Amino acid sequence: KKSDTNFDVTMGSLDGAETSELIGVYLLNKITSIIPKEHLGLYRDDGLAIIGNSNGPKLDSIRKKLHAAFKREGLKITVEIHDDSVNYLDVELFLKDKSYRPYKKPNDTPLYINAKSNHPPNIIKNIPDMLSKRLSSISSTEQHFNETKQEYNVALEASGYTEPLSYQTPQTTPKKRRRRRNVIWFNPPYSTNVKTDLGRRFFSILDRHFPKDHRLHKILNRNTVKLSYSCMPSVGRIIKNHNKSVLEATESDEGARQCNCRDKPNCPLQGQCLVTSSVYQADVLTEDGESYSYIGLAEGDFKTRWRNHTKSFRAERYRNETELSKLIWDLNDKQIQYEINWKTLAKCNSYKAGSKFCNLCLTEKLLILKNKSCINKRTEIVSKCRHRRKFLIRFCS
């Protein structure tokens, strides 16, 4: 970690959980020669091993072998022997009587969503019940449940809940065979300020526009389209995002180079050709008075994207690269003179690792929807974001 920062994966980083599991499986494979694999377990970065009845010298030999195995990988490990209990995740396991009960770290204080917070009612209502089920499932007896529930009851009361925790006998229900459906989810943000019954309105619109005799009813009906509210960001998150957008330096600040054209008057974007993360529009005017509009985006600088466009105008093998190149080649085939004017419509950030959406792609789709006369295909509105791919592990070099 200190010598090679390329492998310094911090907590909560992109693909941190997957990286942790990959390293954990590798280490498990290394120590199977010391401890049988039937006695080993792993969840993310938490591992658990059980060694049967063994005498002191044998346990000490296993401890030394584990230290040596981890040292070869540049890691350190602490091994404690002669323990009859172990804390694993949120469960405390007792080896002698094979019982277990809930566990939390000494300095950990439970904190739950306030009962008056701006969350969907079904989430608020089910929190005490979900907590009771969880604590019951990790308690081997009702006595262990009662020994640990008091602190969680206090945390619930502090958050405005009045329902106390109660022990629920864990029940194993047989798994039913479920037919898999291709479900389309609609996730509108929930807010207590909105009094309209959005779910009822949404499904009434669905029933009205896609009745049983409609050709798309098989795809769009109440069984294939579901609604689930999403939570609005907290005030702290809103303030944090606002401060980040204000304080974060961008390449478009004053003093940054905006144009590198030798012939400044003929810059395709009026001296702004090096603008990045932008949505642009190309207006094609013909000698017959016809006009066409094309909307596109450029994650890098606009001039690189502009060069790709002009390349597709010159080389016929790139004729079908974009809808704009198709139009230009059709005009050339008909020997119609034309003129292209470029302008920037919007500037916004592209997808970043860990984001839920790409502002650049969404802005382009919104502007295409608003411009009814543009030559862009309607299918571009439902296309996937192309900027996510570079963050996938298989594309990282």
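Is Gln270 buried or exposed? In this predicted model, Gln270 is exposed, with a relative accessible area of 59% (buried means under 20% relative accessible area, exposed over 50% and partly exposed in between, with a 1.4 Å probe and protein chains only). Residues are numbered from 1 along each chain as its sequence is written. Local features need pLDDT of at least 70 and side-chain atom pairs count only at pLDDT 80 or more, while totals for chains, interfaces and linings use all residues; side-chain values use heavy atoms, without hydrogens and water.

Gln270 sits in the loop between α6 (235–247) and β10 (276–286), where helices (H or I, at least four residues) and strands (E, at least two) are DSSP runs numbered from the N terminus. Most residues other than glycine have a negative phi. The phi of Gln270, however, is positive, near 55°. Lys98 also has a positive phi, of about 55°. This lysine, Lys98, lies in the loop between β4 (91–94) and β5 (99–102) and is exposed at 72%.

The structure holds 17 salt bridges, each a side-chain nitrogen of Lys or Arg within 4 Å of a carboxyl oxygen of Asp or Glu. One of them joins Asp60 to Lys64, with the closest N and O atoms 3.6 Å apart. Both residues belong to helix α2 (residues 56–72), and because they are 4 residues apart, about one helical turn separates them. Asp60 is partly exposed at 25%, whereas Lys64 is exposed at 51%.

Another salt bridge links Glu299 and Lys390 at 2.7 Å. Glu299 lies in strand β11 (residues 291–301) and Lys390 in the segment after α9 (359–370), so the pair ties together parts 91 residues apart in sequence.
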